[in-house]
Amino acid sequence: MIYREAGQFKTSYRQDAAIFPILQDRIAIWFYLFVAFIVIPTFGSDFFINSMMIPFLIFAMASIGLNVLTGYTGQISLGTGAFMGVGAYACYKLTTYFPETNIIILVLLSGFFAAGIGMIFGLPSLRIKGFYLVVTTLAAQFFLEWCFIRVPWLYNYNASGAIEVPQREAFGLIVTGPSASPSVRYLVVLSIVVFLTWIVSNLIHGRIGRTWMMIRDMDIAAELIGVRPLYAKLSAFAVSSYVAGVAGAMLVFFWLGAAEVESFDVNHSFLILFMVIIGGLGSLVGSFLGAAFIWMLPIIIRAVPKMTGLDINASTVEQLNFMIIGALIIVFLIIEPHGLARLWAIAKQKLRIWPFPH
Amino acid sequence: MDLLYNIFIDPFAQMAATPDFLLQVLWEGFVTGTLYALIALGYVLIFKASGVFNFAQGIMVVFAALSLVGFYEAGVPAYLALIMALGVMGVMAIGVERLVLRHMVNQPEIILFMATIGLSYFLIGAGELIFGGETKSMITQELGLPTGSTVVDVAGGIVILQHIDVAAAVIAAILVAALAFFFSKTRIGRALRAVADDHQAALSVGISLNQIWAVVWFAAGIVALATGIMWGARSDVSFALQIVALKALPVLILGGFTSIPGAIIGGLIIGVGEKIFEVYWGGLLGGGVEGWFAYVIALIFLLFRPQGLFGEKIIERI
Amino acid sequence: MNAAAPQPYTTEDGREIGGVLMEMKNITLKFGGVTAIKGISFDIQEGEIRAIIGPNGAGKTSMLNVINGFYHPQEGEIVFRGETRSRMRPYEAAKQGISRTFQNVALFQGMTTLDNIMAGRTLKMHRNFLWQLLRYGPALDEEIEHRRKVEEVIDFLEIEHIRRTPVGQLPYGLQKRVELGRALAAEPSLLLLDEPMAGMNVEEKEDMSRFILDVNEQMGTTIALIEHDMGVVMDLADRVVVLDYGKKIADGPPGEVQSNQDVIDAYLGVPH
């Protein structure tokens, strides 16, 4: 009874075309934003913000990137990790060349480099479909990984081969480097994530998003209707890689502080793919739910033995973690191939008619 | 000019100058290719019979090898450990059929594919939990596999043949022959081919899909165990191998997802091709090109022939 | 083949039929060794309902695929609006105003009815990427303007109640109707319908016939359709072309075709 739209009449198509046409949803969104922007930075501990919230947001961003490609356009990619890497290395080079420019602007710019690389590796998708495309994205993954090691220019010829984040200020606050406070970094990440999520949501609800979904659902029919596969697929690759690239830049600049090729390896590509599957293919909310689930689950699994007083060593916990994630993925695909987002929608549907069963 | 010389002339000059070294490189490539082909074979078996692209095949290779070594380390005699490892693959096959495939009939291919990624995570966790996460070495000698090497004089020089490599090639050949026999001469093999042609039709003439799936996964498990032994003997047994196992994907692109000869030829092309490229051209790029060469070859190949080496031209219908 | 070009005329029920909209000249289409269409010529006049009939495997669907640029014939030429058409990609045909439905419903299963029909208007929407990013100003105005058109189509086809339903969950008959809606949303000048009534019950067939006639009458859309139900074809079509084994065996008004001995042999041999 609480969540119902009865009595909310839309008098124009403009109202009906809103992204959240239902009042309760709009209230909920404002509530979430209030919690995220005000409550968490005020009351959250440094550990909670630094080890849980920041990576959660960054991975959610990367999941949104992959979701654009896989969930909305139907092109499977195992190259997300590498595209994140392109963003990170691009941002590192940008800070080297433009040390005075606001770092947030550089992070947002670095995504364009990832978008460019993404489009190049997206070109084969015009001829290649399904599993075959997996292989071409793996080509991107391994080739780019190789570049991150073998092209020393990318890491300024460091002896360590790692990129280390310099200290940068924005708006009078230290936002990167070891002395930046978790709350500040969190707020920067949150702002970027909210902004880009809004942008992606706009795209998805408009013409471009529709052409992506047309390609996903039936590419031949889409072409017969007038979609040009070239534009539709490459724009999906570009947007997807842009978002992944920004996520990669944030990963290094606002969380890790320093990174090597390992932070962008194929395992990260898998990790992001799992977040998308568990969260729900073709759902932005799902990207957040999936990222929360996959990121928080290991932390919880690690915490459980401590709380129950069981003495399990760290590697065992790690292995259990692998098994549980693997098993959960299968269970999810069997019970609910549409992921957490569908469960969320069903819950809302139930809430709409509560307390009546039908 | 220098660059052009380095790309187009120098490598061939080197090949001509030291033919024995070229032969050595070719042989190394051939052996690696055999192992790629064996992994690809596992994919083909499962894809043919169930349309599932089994991402976990590479993990199964490691898992099988790990259980073999794990049993031996626990004090089981080598040959008994081999049989027990086979048993593990059998249990896994039945488990996969009962717990995963059976519940996913009629799901789109992509969902099944993702389920096998979940399966590979599960197997990695389970393998390390049961048998320990540290790198192990294969019990080559205990299994009676040859370990020495022979030096052969050819082409005015020498080529070194590791006995284990020769054994790998022979075992691969035997395995392929056995599978070919199994497919063409046995009742279940014929049923399997029927299933591969058309699921519905196979069901309607009374073939049990569940049984077929379990059998096929077991067969893929046997192939995985053989591959794991051979591979383990050349390097070590650890899940780091999974990255190498991914190379079966470009092999499949070349050979096609359903062709056993395709898997073998594709494996050899990739194995030999990447060795030659690494040795003669890799230096120009700073080395380490083996990591991506296979994928780039597959990618270029796909652009010109999306249906693979042995596939038929696809006619799009609507 | 050498008959004079068809002239404009007025039908018994008062519709104006114009000159030739599309002409197929000696079309031959092969797949490897199989010849699907052998030297077929026929034309479609503006404003008419043209039926293509024939037994299974006669090459009807291949013919539609040729018309909208999905297959490229090895021989022959296609003249559309007086211009000889070169080898083109399907979206170019769509751009020229040819839209179609499919034998096996080819809707976008994951999208709602509304989105599917909006998809039909893809070619008419032009706001660029930057406006789309913001979903504000011109991009939103455009979206809403097209939404209005789409609602007209939804009204016309009487599918208001399933606007928000993902089409994958709809019964077959409704899916066919949504698919017609998607084709109509493009405001085509030539509408191709591939077995619009396949698998429908009598009531649904009557509804669909009514929609087809209304589209033709009210919007003046030229329609070429493939259909198996002879009763429907005889009622709807102004002219019928009959194919058998990739060859044309008859062409003319329904009554004439029905009494053609070749057609009776090939297709109508069974008493109805």
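Trainee: How many residues does each chain put into the contact between A and B?
Mentor: Chain A gives 37 residues and chain B gives 39, where contact means C-beta atoms, placed from the backbone, within 7 Å. This is a predicted model, in which local features need pLDDT of at least 70, side-chain atom pairs count only at pLDDT 80 or more, and totals for chains, interfaces and linings use all residues. Residues are numbered from 1 along each chain as its sequence is written, while chains are lettered from A and ligands numbered from 1 in the order in which they are written.

Trainee: Which helix of chain A gives the most to that side?
Mentor: H13(A) does, with 14 residues. Helices H6 (131–150), H9 (219–225), H11 (266–279) and H13 (314–335) of chain A each supply at least two residues. Helices here are DSSP runs of H or I with at least four residues, strands are E runs of at least two, and both are numbered from the N terminus.

Trainee: And what classes of residue are on chain A's side?
Mentor: They divide into 28 nonpolar, 6 polar and 3 charged. Ala, Val, Leu, Ile, Met, Phe, Trp, Tyr, Cys and Pro count as nonpolar, Asp, Glu, Lys and Arg as charged, and the others, Gly among them, as polar.

Trainee: Switching to chain B, how many helices and strands are there?
Mentor: Chain B has 13 helices and 2 strands. Its radius of gyration is 21 Å, close to the 20 Å that the globule rule gives for 318 residues, so chain B is as compact as a globular protein of that length. The radius is taken over C-alpha atoms, and the rule is 2.2 Å times the number of residues to the power 0.38.

Trainee: How do H2(B) and H9(B) pack?
Mentor: Helix H2 (residues 19–50) of chain B packs on H9(B) at about 175°, with the axes 9 Å apart. That makes the two roughly antiparallel, a label for angles over 145 degrees. Axes are lines fitted to C-alpha atoms, for helices over the stretch in contact, and angles run from 0 to 180 degrees between N-to-C directions. The contact includes B:Leu38 and B:Gly42 of H2(B), and B:Trp213 and B:Ala220 of H9(B).

Trainee: Where does H7(B) come in?
Mentor: The axes of H7 (residues 187–197) and H9 (residues 209–234) of chain B come within 10 Å and cross at roughly 105°. H7(B) and H9(B) are therefore roughly perpendicular, the term for 65 to 115 degrees.

Trainee: What classes of residue make that contact?
Mentor: It has 8 nonpolar residues, with no polar and no charged ones.

Note on methods. Angles under 35 degrees count as roughly parallel, over 145 as roughly antiparallel, 65 to 115 as roughly perpendicular and the rest as oblique. Two residues are in contact if their C-beta atoms, placed from the backbone, lie within 7 Å.
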